[in-house]
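Dear colleague,

Here is the structure to be handed over. My notes on what was found in it follow below.

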Amino acid sequence: MADDYLVRIGKLIRDARQHRGWTQAQLAEALNTSQSAVNRIERGNQNISLEMIARIGEALDSEIVSLGYAGPMHLRVVGGRRLSGAIDVKTSKNACVALLCGSLLNKGRTVLRRVARIEEVYRLLEVLNSIGVRTRWINEGTDLEIVPPAGFDMAAIDAEAAVRTRSIIMFLGPLLHHMDHFKLPYAGGCDLGTRTIEPHMIALRRFGLDVAATEGQYHAVVDRAVRPARPIVLTERGDTVTENALLAAARHDGVTTIRNASSNYMVQDLCFFLEALGVRVEGIGTTTLTVHGVPDIDVDVDYSPSEDPVEAMSLLAAAVVTESELTVRRVPIEFLEIELAVLEEMGLDHDRSPEYFADNGRTRLTDLTVRPSKLEAPIDKIHPMPFPGLNIDNVPFFAAIAASAQGQTLIHDWVYDNRAIYLTDLNRLGGRLQLLDPHRVLVEGPTRWRAAEMMCPPALRPAVVVLLAMMAAEGTSVLRNVYVINRGYEDLAERLNSIGAQIEIFRDI
């Protein structure tokens, strides 16, 4: 990059920083670098990578800077390498997303520890910033500070960021406490087929929320005279549905009982956070939650979300398909017990450390060491169930694992319309997967994986499954446009490289 380019980019960065009202020290903290490094960048005296420009663009919420890099991100994978050593599980994507939405309940300062720095979080931060919420990364970019405004500017909402995440739907629960009328863009996210928001509406109508969906927006109107008079029975034991009901109940002046509630990991983390806000929640970990609402929440709160069981499953699957010995640390074992029971029946050789608590003081963790194993296909089909059953998001990883096992495995992904279809992308890499219908796929193993170049599936977990198969395939594979992976995983390529993978990030320029 020529010197004049460095100077021009430095001026763009300086102008964007000043427009945001940040000092060089604040930008340095967000980037986990030094103030002197930021000063050199702004003066054009330091070489700067495309990745750093992208990070600066995210930190400053500046399209001017983000246009400094070209094209989508791709991965070049040299496969057939064994993994080794140990790797820590990051905090839960889905919990962090729920807690960001939950911070809208609080008039005080919220600090979330070790927040996952992923695209899904960045999109929500863009939305929060656009309506007046002040956020900044603190403690060398590890933790996130959130300070709400006196009133939310919903007319200024960043619709482009909102439509790129389905999590925007969880703004409904907290926002109904703040205003009588508001609009939200339609929820987006992964391409997983038709997903109705009617279960959300059924629950939230009990709090006076009425929503009309027209012209790409949810038009919300709140009737303050309507209050839950009897227990709310969710028509779907979904995670986000339960979270929305919890967020609505948290500031309802009274006691709300929610039945058929999800008891999954992200719901439990949200309950623990609500307790830190002063909201009493009975029945955490069960399907009946009783919420003692607090109509006004104005506290300074510091909370540490727990680790991500789906990321833990991703790393375990990486070890299995590459026939590696690997220790995965800080595994939330309570939310992987069914998966491990199935893997044990398939013949997985592994050890567990004694259990210990996560930083939230509630979630049980363990360290798992996985060794190369001769796996046999399970007798029964693999299918998800609400917690404590096999996690819906962990089902795709069993496609790669089953492809490494001897025999036929039937996978029934009954929740999503399209996800089983995306699993057949493994056939491009040598897999033998037969799609029986939009929800069922038959996997034949073992597989001799082969390298290929292909586009990333548009759904998060199948995309990671394809990446894992590429890691097992001899030769060099290319996975193009991996934005969907970055939605749910922080620095996944670099972290896999730290345990022996060889994955290069590149862009078309």
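A residue is called buried under 20% relative accessible area, exposed over 50% and partly exposed in between, with a 1.4 Å probe and protein chains only. This is a predicted model, in which local features need pLDDT of at least 70 and side-chain atom pairs count only at pLDDT 80 or more, while totals for chains, interfaces and linings use all residues. Residues are numbered from 1 along each chain as its sequence is written, and side-chain values use heavy atoms, with hydrogens and water left out.

Confidence

The chain has a mean pLDDT (the predictor's confidence in each residue, from 0 to 100) of 90, and 94% of its residues reach 70 or more. Over residues 63-69 the pLDDT stays under 50, and the model has 14 contacts for them beyond four places in sequence; contact means heavy atoms within 4.5 Å. Residues 189-195 also have pLDDT below 50, with 24 contacts beyond near neighbours in sequence. Where pLDDT is low, the predicted coordinates should not be read in detail.

Three aromatic pairs turn up in a search of the whole structure. Rings of Phe, Tyr and Trp (its six-membered ring) pair if their centres lie within 6.5 Å; planes under 30 degrees apart count as stacked, over 60 as edge-to-face and the rest as tilted. Y265 and F335 make an edge-to-face pair, at 5.9 Å centre to centre and 65° between the planes. Y265 is in helix α12 and F335 in the loop between β14 (326-332) and α14 (337-346), 70 residues apart. Helices (H or I, at least four residues) and strands (E, at least two) are DSSP runs, numbered from the N terminus.

Y265 counts as buried because its relative accessibility is 4%, and F335 is buried with a relative accessible area of 6%. F335 also pairs with F387, in a tilted arrangement with 4.9 Å centre to centre and 45° between the planes. F387 lies in the loop between β17 (364-371) and α15 (397-403), so its pair with F335 ties together parts that are 52 residues apart in sequence. At 12% relative accessibility, F387 is buried as well.

Helix α12

Helix α12 covers residues 265-276; its 12 residues should span 16 Å at 1.5 Å a residue, and the 17 Å between its end C-alpha atoms agrees. The expected span is 1.5 Å times one less than the number of residues. The helix is largely enclosed by the rest of the structure, because 10 of its 12 residues are buried. Among them are Y265, M266, L270 and F273. G278 follows α12 and has a positive phi, near 100°.

Nonpolar core

A nonpolar core is a set of buried Ala, Val, Leu, Ile, Met, Phe, Trp, Tyr and Cys residues joined through side-chain atoms within 4.5 Å. The largest one has 169 residues, of which F171, F182, L184, L479 and I485 touch the most other members. Helix α17 (residues 460-472) gives the largest share of this core, 11 residues. Beyond four places in sequence, F171 has contacts that include C101, L104, L124 and L184.

R227

R227 sits in the loop between β8 (217-222) and β9 (232-233). With 47% relative accessibility, R227 is partly exposed. The R227 side chain reaches the backbone oxygen of D253 at 2.7 Å.

Regards

Technical notes. Polar contact = N/O pair within 3.5 Å; in protein donor to acceptor, adjacent residues only side chain to side chain.
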